[in-house]
Amino acid sequence: RKAPLKIGDMTIRPTDKLVTFVSRDLEPYRGFHQMMRALPHLMRQRKDLKVVMVGSDGVSYGVLPPEGGSWRDRMMKEVGKDIDTRRVAFPGRVAYDVYLSLLKRSDAHVYLTYPFVASWSLREALAMGCAVVGGDTQPVREFITSGENGLLVPFFDPRGLADTVLDLLENKTLDATLRGNARAYAERRLSMDDYLAEYRATIEQLSARPLEP
């Protein structure tokens, strides 16, 4: 049975549906703007839905808005009037145990990125058996086969993102399939020993010589 989870001033009750989004910084490189644009439709359709968006207001890979402030400031100006801010939490960066508790509780985990290196959070979400809805960009396709261990939607389609999340929340069979396959995929492909062994083999192949132990 799900237990209540408190994030800042927001309590996630056992009957709530929780959508999670995690990034070191809430910025366009990681699709924060598209996630924000998906919120109005998501929240209109489900009054039992809560959203937690983990990440700071800085930038790791891009630049701040030219007019100043953060990307969260800009996106709240764009869509804030159309969302129920009482049901959206921006806790900033959180302790690792809190982060894991959010992934464990998540009913749908959204992961978006430009064509850029994928985050550790995607690997961890799969390892936690999350039902992941990812952006259909090349780095995400390296990890997710849509309909098997996650779902993929076009990166620049926030309405499609919202509808896919909503469909997932209603489909218990799909949810169970994605979660089981995500965990199995992580066990099979994302073990650090196996992961490092693959990197080592690739380096040795490209350099045409064995690496020292």
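Student: OK, so axes are lines fitted to C-alpha atoms, for helices over the stretch in contact, and angles run from 0 to 180 degrees between N-to-C directions. With that settled, at what angle do H3 and H4 pack?

Tutor: This is a predicted model, and in it H3 (residues 96–105) and H4 (residues 120–127) pack at about 55°, their axes lying 10 Å apart. That angle makes H3 oblique to H4.

Student: And which hand does the crossing have?

Tutor: H3 passes H4 in a right-handed crossing.

Student: Which residues make the contact?

Tutor: From H3 you have Tyr 96, Tyr 99 and Leu 103, and from H4 there are Ser 121, Glu 124 and Ala 125. By class, the contact of H3 with H4 has four nonpolar residues, one polar and one charged.

Student: Staying with H4, which of its residues are buried?

Tutor: Ser 121, Leu 122, Arg 123, Ala 125 and Leu 126 are buried in H4. Ser 121 and Ala 125 also belong to the contact with H3.

Student: What follows H4?

Tutor: Gly 129 does, with a positive phi near 75°.

Student: Let's switch to H1 and H6. How do those two cross?

Tutor: The axes of H1 (residues 32–45) and H6 (residues 158–170) come within 8 Å and cross at roughly 45°. H1 is therefore oblique to H6, and the crossing is right-handed.

Student: Who meets whom there?

Tutor: On the H1 side it's Gln 34, Met 35, Arg 37, Ala 38, His 41, Leu 42 and Gln 45. Those meet Pro 158, Arg 159, Leu 161, Ala 162, Asp 163, Val 165 and Leu 166 of H6. Sorted by class, the contact of H1 with H6 has eight nonpolar, three polar and three charged residues.

Student: What about the whole protein: how many helices and strands?

Tutor: Eight helices and eight strands. The radius of gyration is 18 Å, close to the 17 Å that the globule rule gives for 213 residues, so the protein is as compact as a globular protein of that length.

Student: What share of the residues counts as buried?

Tutor: 48% of the 213. As for contacts with a separation of 6 or more, 69% are between residues 24 or more positions apart.

How values were computed: Residues numbered from 1 in each chain as written. Predicted model: local features only at pLDDT ≥ 70, side-chain atom pairs only at ≥ 80, totals over all residues. Heavy atoms only, no water. Helix = DSSP H or I, 4+ residues; strand = E, 2+ residues; numbered from the N terminus. Parallel < 35°, antiparallel > 145°, perpendicular 65-115°, else oblique. Left-handed = near helix turned anticlockwise from the far one by under 90°. Contact = heavy atoms within 4.5 Å. Nonpolar A, V, L, I, M, F, W, Y, C, P; charged D, E, K, R; others polar. Rg over C-alpha atoms; globule rule 2.2 N^0.38 Å. Buried < 20%, exposed > 50% of the residue type's maximum accessible area, 1.4 Å probe, protein only.
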